[in-house]
Amino acid sequence: MSWLLAVAVLAGFAVDPSAATDHIVGANHGWNPNINYSLWSGNQTFYVGDLISFRYQKGTHNVFEVNETGYENCTMDGVTGNWTSGKDFIPLPEPRRYYFICGNGFCLQGMKVAITVHPLKHNASSSGHGSTGAQGEASAAALRTSSTAWLTAIAVTAAAVAAFC
């Protein structure tokens, strides 16, 4: 267990904390029934490399990533992910629309959230000091790949540490 803690600490030093945001679903309300998650997500801006975190009572709730049909109908259509730890850190590696629901029947009570993840902003520091074209795109792609790899490593480590706590 101590080696997991050491890995988590080292990973924390290796990542620039300003590079990503951890969006905690529902903020202080967490992942629970009868919360307006559309209102919550509408007040967030998600970028590639950010995390979305779900906090809930383990065993009572869970998180499934589904397609739009699954989201709209509260079904398991297009399931691409399933989390059950109660402290789930989910990386957002690509710009697109993501759909999450509770698969334990609570989706019909409002436990569903849809988010749109935007590409990273291009600025002088992330695009090679104002470079354009292929060079700027290559720099941005390298930054996205590096950030996503580190975020995934942190999410896996955090989940492992949470499992032992």
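This is a predicted model: local features need pLDDT of at least 70, side-chain atom pairs count only at pLDDT 80 or more; totals for chains, interfaces and linings use all residues.
How many bridges join β7 to strand β8 (residues 112-118), and in which orientation do the two strands run?

View 1. Five bridges join β7 to β8, and the two strands run antiparallel.

**View 2. Pairing of β4 with β7.** Strand β4, which covers residues 63-66, is joined to β7 by three bridges, and here too the pairing is described as antiparallel. For V66, the bridge partner in β7 is Y99.

View 3. Strand β7 spans residues 97-101, and four of its five residues are buried, that is, under 20% relative accessible area, so the strand is largely enclosed by the rest of the structure.

**View 4. The open sheet β1-β3-β6.** Three strands, in the order β1-β3-β6, make up an open sheet whose pairing is mixed. Because β1 (22-24) and β6 (87-91) stand at the edges and each has a single partner strand, one side of each is left without a neighbour in the sheet. From one strand to the next, the twist averages 25°. Strands of a sheet pair through backbone hydrogen bonds, either parallel or antiparallel.

**View 5. Pairing of β3 with β6.** Strand β3, comprising residues 51-55, is connected to β6 by five bridges, with the two strands running antiparallel. Within this pair of strands, L51 stands opposite P91 in β6.

Conventions
Residues are numbered from 1 along each chain as its sequence is written. Side-chain values use heavy atoms; hydrogens and water are left out. Two strands pair if DSSP finds at least two bridges between them. Axes are lines fitted to C-alpha atoms, for helices over the stretch in contact, and angles run from 0 to 180 degrees between N-to-C directions. Buried means under 20% relative accessible area, exposed over 50%, partly exposed in between (1.4 Å probe, protein chains only).
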